[in-house]
Amino acid sequence: MSKLIRFDAGELTAGFTADEYRRRRCALARRLPVNSVAIIAAALPAHLPNTIIPYPGYRQDADFAYLTGMLQPGVVMMLQPQSGEDHRYTLFVPPRSKRDEVWNGAKVGTEAALRFFEADETHELLSMPGVIARAVRNATAVYADDDGHAAVALSAAGQMHSCGPLQALRPLVHALRWTKSPAEMQALRECAAADIEGFHSAIRASVPGALEYQVCHQHEHTVKMLGACRLAYPSVVGSGPGALIVHYAAMDRAMQSGDVLLMDAGCERRGYVSDITRTWPVGEGGFTNAQADVYEAVLEAHTTCLKAARPGVSLQDLHRLSVDVLSECLVNLGVGGGMSKTEMMRGGYQRYYPHSVGHWLGENHGPLPL
């Protein structure tokens, strides 16, 4: 069942060419003023509590990965728009350390940053303060985000307060990320396909007497054998009363015949994520009549929203449609103490449906604000 992720010729990361990353930087340059400076840094590595041991599976900042394809920590990118989509692309990389290579492996250096990541200019981090200081001194504006990553770079350059108010960079990058390229769409499809197979294996494992976390681990094992590097978020696997808790985390209950099991799980593959939620009966008896009624109500809302999902329809439009359908179903099921559909839609539904119908997916799981 295992499936290796292979690189094709010209790809910088699996499924994505160096040219695609260059086009993304060009698109960002077009959105920035000429002679401005944009700075974005790699995500800081996380460590196990009270240790110097990094968590396995470093997760790059999604905006930084989108623009560079660089998947290691300790790197800073500077973009200097010149005219149109022309720009100068600089990467600052960690200096080589034989000691660090023994403990954590080799890192991308200046030569690889030029050759493979197609930077116009590269420097070791020790040179970064002077280089950034000179660039900022003559810039018309500085785009960065005071979120802990780029702020470290500016602070190191002594420019955190001398360059005037920072212009927010992430909204500009997010506006680019809203529209997916064909390669991104393929990555999302493959990630969803792995997630679906994970659900199939989880359904087979959900038998009376099994523990919820065993079902969770079966899904995780399957998606990782199919190329996922990690889960997209902590999975929710709740049976019986646990299925009513949105972010149920215990997952230590032994499932019983007649339970309904809810599973909310996703995976990350090639840098893109999936997110699926499904419910099914535990045991061979199938749904009870009451369980089937609720299941069919949710399925009706699901089907209605899928049919309505077309270009020009917003996520908020779909959410309102789901509220309309579910409110009517709740009234028809006799839920809500005699509330009318209008009363249910004005807020009564929130006791039974306290979240949104969905959210965006891409390199991140969850909302991508503009």
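Predicted model: local features only at pLDDT ≥ 70, side-chain atom pairs only at ≥ 80, totals over all residues.

**Entry 1: the whole chain**

I began with the overall picture and found 12 helices and 13 strands. The C-alpha trace spans about 70 × 50 × 40 Å along its principal axes. Of the 370 residues in the chain, 43% are buried.

**Entry 2: a nonpolar patch**

Which residues form a nonpolar patch on the surface? I found Leu48, Ile52, Ile53 and Tyr55, with about 410 Å² of accessible area together. I picked out Leu48, which sits in the loop between β3 (37-41) and α2 (62-68). Its relative accessibility is 31%, so Leu48 counts as partly exposed.

**Entry 3: the second largest pocket**

Next I turned to the second largest pocket, whose volume is about 690 Å³. It is lined by 24 residues, and those closest to its centre are Pro45, Ala46, His47, Pro54 and Asn104. Helix α3 (residues 98-104) contributes the most to this lining, with four residues. I sorted the lining of the second largest pocket by type and got 13 nonpolar, five polar and six charged residues.

Glu118 belongs to the loop between α4 (110-115) and β6 (121-124). Is Glu118 buried or partly exposed? Glu118 counts as partly exposed, because its relative accessibility is 35%.

Arg270 also went on my list, with a positive phi near 55°. I located Arg270 in the loop between β11 (267-269) and β12 (272-273). Arg270 has a relative accessible area of 17%; buried means under 20%, so Arg270 is buried.

**Entry 4: salt bridges**

How many salt bridges does a search of the whole structure find? The search finds 22, and I followed up a few of them.

Asp19 pairs with Arg23, and their closest N and O atoms are 2.3 Å apart. Why are Asp19 and Arg23 separated by about one helical turn? They are four residues apart in helix α1 (residues 18-31), and that accounts for the spacing. Asp19 is partly exposed at 33% relative accessible area, and Arg23 counts as partly exposed at 41%.

Arg269 forms a salt bridge with Glu190, the closest N and O atoms being 2.8 Å apart. This pair links distant parts of the chain, with Arg269 in strand β11 and Glu190 in helix α8 (residues 182-205), 79 residues apart. Arg269 is buried, with a relative accessible area of 4%, whereas Glu190 is partly exposed at 25%.

Glu268 forms a salt bridge with Arg230, and here the closest N and O atoms are 3.0 Å apart. I noted that this pair, too, links distant parts of the chain: Glu268 is in strand β11 and Arg230 in strand β8 (residues 230-231), 38 residues apart. Both Glu268 and Arg230 are buried. Finally, I found that salt bridges with shared partners join Asp19, Glu20, Arg22, Arg23, Arg24 and Glu184 into one network.

**Entry 5: Lys341**

My last stop was Lys341, in helix α12 (residues 341-345). Lys341 counts as partly exposed, at 27% relative accessibility.

Methods. Residues numbered from 1 in each chain as written. Heavy atoms only, no water. Patch = residues over 30% accessible without salt bridge, like charges linked within 9 Å, V, L, I, M, F, W, Y side chains within 5 Å. Areas by Shrake-Rupley, 256 points an atom, 1.4 Å probe, with all protein chains shown as cover. Salt bridge = Lys/Arg side-chain N within 4 Å of Asp/Glu carboxyl O. Helix = DSSP H or I, 4+ residues; strand = E, 2+ residues; numbered from the N terminus. Buried < 20%, exposed > 50% of the residue type's maximum accessible area, 1.4 Å probe, protein only. 1 Å grid on protein atoms, 1.4 Å probe; cavity = no way out; pocket = protein on both sides within 12 Å on 5 of 7 lines; lining within 4 Å. Points joined across faces, edges and corners; volume = space filled by probe spheres on them. Nonpolar A, V, L, I, M, F, W, Y, C, P; charged D, E, K, R; others polar.
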